[in-house]
Amino acid sequence: MTTVTERDALRDALGLLRDREQVAERLLESSAKHSFDPDRELDWDAPVEDGKWFWPPELVSLYDTPLWRRMSEEQRMDLARHEAASLASLGIWFEIILMQLLVRHIYDKSLTSSHVRYALTEIADECRHSMMFARMIKKGGAPSYPVPRVYHNLARVLKTVSTTPGSFAATLLGEEILDWMQRLTFPDERVQTLVRGVTRIHVVEEARHVRYAREELRRQMVTAPRWERELTRVSCGEAARVFATCFVNPKVYENVGLDRREAVAQVKASGHRREVMQSGAARLTEFLDDIGVLNGVSRRLWKRSGLLA
């Protein structure tokens, strides 16, 4: 199944892997055609639109819970605004981690290769995305929502010790679930025009990032030594648990006048919320399962996270 030389064809359960340079060259071509400058592409001076959501109601964590049914429409929309800020804050945190992991990935590689050139292109994309998310938070008037300090500091360790396959597995975890939600958001006319524009840009550019990460993770799971593959399985499962925990900062409930404990309990008990999160992760978990990442303890950790049924 495995071959460890770049010149030989590499194969996994999904078939032959494509040449690393050819993949990068195609992604670079796509980047040249479909990249955006959010500062110019979006109308940041337009007023916030009355009666429009900052996040689709069906994707709000409390949707269809007893507490949601007791809330006024105004309070529901306010919660959506704060959750959009929370998700954008999580996205910035994650993208800053991702940029550092990408720099580590290319540090020892040929600086003139298309593979490295695309990684640098992706880093530039992520810089723009982080600034775009921060500007969206500010425009919406909600506060930023940093992740809990323990996870903020754990990420320092991740950025230092993560192996290459672990880095790309974590990359996909952070990108694909939010991407699924954003694909539902940008065509939704109930949502603020600015938010739709932000999610559209992110979806278009993240499609390339996902392709790059998937191809590289497949390659690493074929070529990495056994200990590194096992570490990737465990670290990916733990990352899924952390990601699910941090997905919505519980302070959003307090900031819209709700009881934090009651809200958190109802989100945990919500069948609708569980279905949303598992649907968002389904494409990713199928891929990880196919390439052997969801074996053993990793599968148990993913189930514990609530992202896998």
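These notes cover a helix, the nonpolar core, the cavities and the pockets of a predicted model.

1. Helix 5. This helix runs over residues 114-140, and because 27 residues at 1.5 Å a residue should span 39 Å, the distance of 39 Å between its end C-alpha atoms agrees with expectation. Just after helix 5 comes G141, which takes a positive phi of about 85°.

2. The nonpolar core. The largest nonpolar core holds 88 residues, and those that touch the most other members are L62, L79, L217, F247, Y253, L288 and W302. Helix 4 (residues 73-106) gives the most to this core, with 17 residues. In soluble globular proteins, nonpolar side chains tend to be buried together.

3. F247 in its surroundings. Leaving aside residues up to four places away in sequence, F247 touches S86, L87 and L90, as well as I177, L178 and M181, and also R273 and M277.

4. The largest cavity. The count comes to 4 cavities of 30 Å³ or more, and the largest of them contains about 100 Å³ of space.

5. With a volume of about 80 Å³, the second largest cavity has a lining of 4 nonpolar, 1 polar and 5 charged residues; among the lining residues are R18, R20, E215, E216 and R219. Helix 1 (20-33) and helix 8 each supply at least two residues of this lining, and helix 8 gives the most, with 4 residues.

6. The largest pocket. About 730 Å³ of space lies in the largest pocket, whose lining comprises 27 residues, with A244, T245, V267, K268 and S305 nearest its centre. Two or more lining residues come from each of helix 4, helix 9 (226-246), helix 11 (260-269), helix 12 (271-290) and helix 13 (297-305). The lining of the largest pocket divides into 15 nonpolar, 6 polar and 6 charged residues.

7. The second largest pocket. This pocket holds about 540 Å³ of space, and of the 23 residues that line it, L154, L158, S235, E238 and A239 are the closest to its centre. Helix 4, helix 6 (149-161), helix 7 and helix 9 each supply at least two lining residues, the largest share, 7 residues, coming from helix 9. By class, the lining of the second largest pocket has 17 nonpolar, 5 polar and 1 charged residues.

Note on methods. Residues are numbered from 1 along each chain as its sequence is written. This is a predicted model: local features need pLDDT of at least 70, side-chain atom pairs count only at pLDDT 80 or more; totals for chains, interfaces and linings use all residues. Side-chain values use heavy atoms; hydrogens and water are left out. The expected span of a helix is 1.5 Å times one less than its number of residues. A nonpolar core is a set of buried Ala, Val, Leu, Ile, Met, Phe, Trp, Tyr and Cys residues joined through side-chain atoms within 4.5 Å. Buried means under 20% relative accessible area, exposed over 50%, partly exposed in between (1.4 Å probe, protein chains only). Contact means heavy atoms within 4.5 Å. On a 1 Å grid over the protein atoms alone, a cavity is a set of points where a 1.4 Å probe fits but cannot get out, and a pocket is an open set with protein on both sides within 12 Å along at least five of seven lines; lining residues have an atom within 4 Å of a point. Grid points are joined across faces, edges and corners, and a volume is the space filled by probe spheres set on the points. Ala, Val, Leu, Ile, Met, Phe, Trp, Tyr, Cys and Pro count as nonpolar, Asp, Glu, Lys and Arg as charged, and the others, Gly among them, as polar.
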